[in-house]
Amino acid sequence: MTQKLTFAGIIPARYSSTRFPGKPLALLGGKPVIQHVFERASQALDNVIVATDDKRIFDAVEAFGGRAVMTDADCKSGTDRVCQAVEKAGISADVIINIQGDEPFISPAQIEALKGCFDVPDTDIATLARQYPKDGTFDGLFDPNLVKVTFSLDGRALYFSRSIIPYVRNVDWKRWLANADFFTHVGIYAYRRDVLKRVSTLPQSSLELAESLEQLRWLQNGFSIRVAVTDRQSIGIDTPDDLAAAEAYLKEHDGDA
């Protein structure tokens, strides 16, 4: 009988932010943003920890009954912070899920979809994608901040890009959405614990440097990234305006996103 895998969630949370300093502690519906993320992640995971470099965030998490661990301020990426948190907290789970600290409406169903990717034994890393709507705008599709992804028929990531992929040859660009399916990347990852440690030591790759996408480093080094498709819309908070939009969304949905 195959041993059942165990999972743990790490939520990297930094206080410093160019566009929105202190956003993990910004109030949304009367609770800090980081508390929303923690509570929703805890619906799908028994073991959730906030990894932070700031005592204010650490204290806030402890105050609402969560668990936090202090990590170094000079971590180069969220992945590095997650890896350090795993070591400091002594986490022994088979799979570590990196949950964005500015996604207060993360769905437990999305986390379950990530967990399901590891039913395939050769999965090293898992992530999510969402189909771009057929009635969406081309400005949105061509936006370099909206990362696109292509994947094989069995769900293995082929490439991530800020450019539009695939290119639809011999079709006027105004008809691309009607003639091909496009998928955008949802930035949440799950790693086998040993894989997380390995990818955190890799130097930046040429594709990563070209597109400024960390996941290309992993692909270029031969790691298998499995993609699960979700239809749920995420609302990330990068600016005070995003927080205001999230507040309106929360009120409209009576707190049920």
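**Figure 1. The salt bridge between K23 and D102 in a predicted model**. K23 and D102 form a salt bridge (a side-chain nitrogen of Lys or Arg within 4 Å of a carboxyl oxygen of Asp or Glu), and their closest N and O atoms are 3.0 Å apart. The pair links distant parts of the chain, 79 residues apart, with K23 in the loop between β1 (7–13) and β2 (27–28) and D102 in the loop between β6 (95–98) and α4 (108–117); here helices (H or I, at least four residues) and strands (E, at least two) are DSSP runs, numbered from the N terminus. Both partners are buried, K23 with a relative accessible area of 14% and D102 with one of 15%, where buried means under 20% relative accessible area, exposed over 50%, and partly exposed in between (1.4 Å probe, protein chains only). A network of salt bridges links K23, D102 and D238. The model is a predicted one, in which local features need pLDDT of at least 70 and side-chain atom pairs count only at pLDDT 80 or more, while totals for chains, interfaces and linings use all residues. Residues are numbered from 1 along each chain as its sequence is written, and side-chain values use heavy atoms, with hydrogens and water left out.

**Figure 2. Two further salt bridges, K31 with E39 and R156 with D154**. In the salt bridge between K31 and E39, the closest N and O atoms are 2.6 Å apart; K31 is partly exposed at 26% relative accessibility, and E39 is partly exposed with a relative accessible area of 31%. The side chains of R156 and D154 also meet in a salt bridge, at 3.3 Å from N to O, with R156 partly exposed at a relative accessible area of 33% and D154 partly exposed at 44%. The count of salt bridges by this rule comes to 13.

**Figure 3. The largest nonpolar core and the surroundings of I188**. A nonpolar core is a set of buried Ala, Val, Leu, Ile, Met, Phe, Trp, Tyr and Cys residues joined through side-chain atoms within 4.5 Å, and the largest one has 39 residues, those with the most contacts inside it being I11, V50, I97, I99, I111 and I188. Helix α1 (residues 33–41) gives the largest share of this core, 5 residues. Apart from it lies another core, of 33 residues, among them I125, V195, L219 and I225. With contact meaning heavy atoms within 4.5 Å, I188 touches I97, N98, I99, I106, L114, A126, T127 and L128, not counting residues up to four places away in sequence. In soluble globular proteins, nonpolar side chains tend to be buried together.

**Figure 4. Strand β6 and its pairing with β1 and β10**. Two strands pair if DSSP finds at least two bridges between them; β1 and β6 run parallel and are joined by 4 bridges, and in β6 the bridge partner of A8 is I96. Another 4 bridges join β6 to strand β10 (residues 183–192), and these two strands run antiparallel, with Y189 in β10 as the bridge partner of N98. From β6, V95 and I97 point one way while I96 and N98 point the other way, and all of them are buried.

**Figure 5. The buried face of helix α4**. The buried residues of α4 are P108, Q110, I111, L114, K115 and C117. Seen down the axis of α4, these residues fall within an arc of 165° and so line one face of the helix, the arc being that of the directions from the helix axis to the C-beta atoms. What covers them includes β1, α1, β6, β7 (125–131), β10 and β11 (225–229). C117 has a relative accessible area of 5%, and C83 is likewise buried, at 11%. A search of the whole structure finds 0 disulfides, a disulfide being a pair of cysteine sulfur atoms within 2.5 Å.

**Figure 6. Backbone features at P166, N170 and S212**. A cis peptide bond, with omega about 0°, joins I165 and P166, and P166 has its place in the loop between β9 (157–161) and α6 (176–179). N170, which lies in the loop between β9 and α6, has a positive phi of about 65° although it is not a glycine, and N170 is exposed at 75% relative accessibility. S212 lies in the loop between α8 (206–211) and α9 (214–220); S212 has a positive phi of about 55°, although it is not a glycine, and counts as exposed at 55% relative accessibility.
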